[in-house]
Each structure stands twice: as C-alpha cells, then as structure tokens.
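Here are some notes for a colleague who is meeting this structure for the first time. Please read them with the sequence and the model side by side.

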Amino acid sequence: MYQYKYIPVDTGGGFLSDTREHRELIDAYAAEGWRYIGFFPVSFTGHGGISQVDLIFERES
C-alpha cells in the first residue's frame, strides 16, 4: 500500500515563471523518502495559464 501527499504550489500564472519553489520542495520530500510522481493543476488564470498546482508524492506505508 502507498501513502500520498499533495503539496500546493503557486506558479504565478505566467508562461515562464521565475519561481524555483517546486525544485526545493521536490528535493526536500525526496530526502524524506517521498517519490515525486507528478502534478495536478488546481486553478487557472483568465488567460488559461496555471496559477496553482498540487505536487504529488508517494511512498510505501
């Protein structure tokens, strides 16, 4: 059985975002034994850009 964790991240909504928060989060959770498996877009801008995502991690229970 697997355990899942969903971490919200604001992307800024632009096509080219300057944020590097996602990289730091992936590295931090990997160090705790979590495996990054993908992201799910949660909200969008009026122009169709992704403004918030959930990073999805898993590990065996």
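1. A definition comes first: two strands are taken to pair if DSSP finds at least two bridges between them. The model discussed here is a predicted one, and the points below should be read with that in mind.

2. The protein chain holds 1 helix and 3 strands, and when these elements are read along the sequence they follow the pattern β-α-β-β.

3. The strands form an open sheet of 3 strands in the order β1-β3-β2, and their pairing is antiparallel. At the edges lie β1 (2-10) and β2 (35-44), each of which pairs on one side only, while the twist from one strand to the next averages 25°.

4. For a closer look at one pairing, follow β1 and strand β3 (residues 50-60), which run antiparallel to each other over 9 bridges; among the residues involved, I7 has L55 in β3 as its bridge partner.

5. As for overall dimensions, the C-alpha trace of the protein chain spans about 40 × 20 × 10 Å along its principal axes. Among the contacts in the chain with a separation of 6 or more, 56% are accounted for by residues 24 or more positions apart.

Key: Residues numbered from 1 in each chain as written. Predicted model: local features only at pLDDT ≥ 70, side-chain atom pairs only at ≥ 80, totals over all residues. Heavy atoms only, no water. Helix = DSSP H or I, 4+ residues; strand = E, 2+ residues; numbered from the N terminus. Contact = heavy atoms within 4.5 Å. Axes fitted to C-alpha atoms, helices over the stretch in contact; angles between N-to-C directions.
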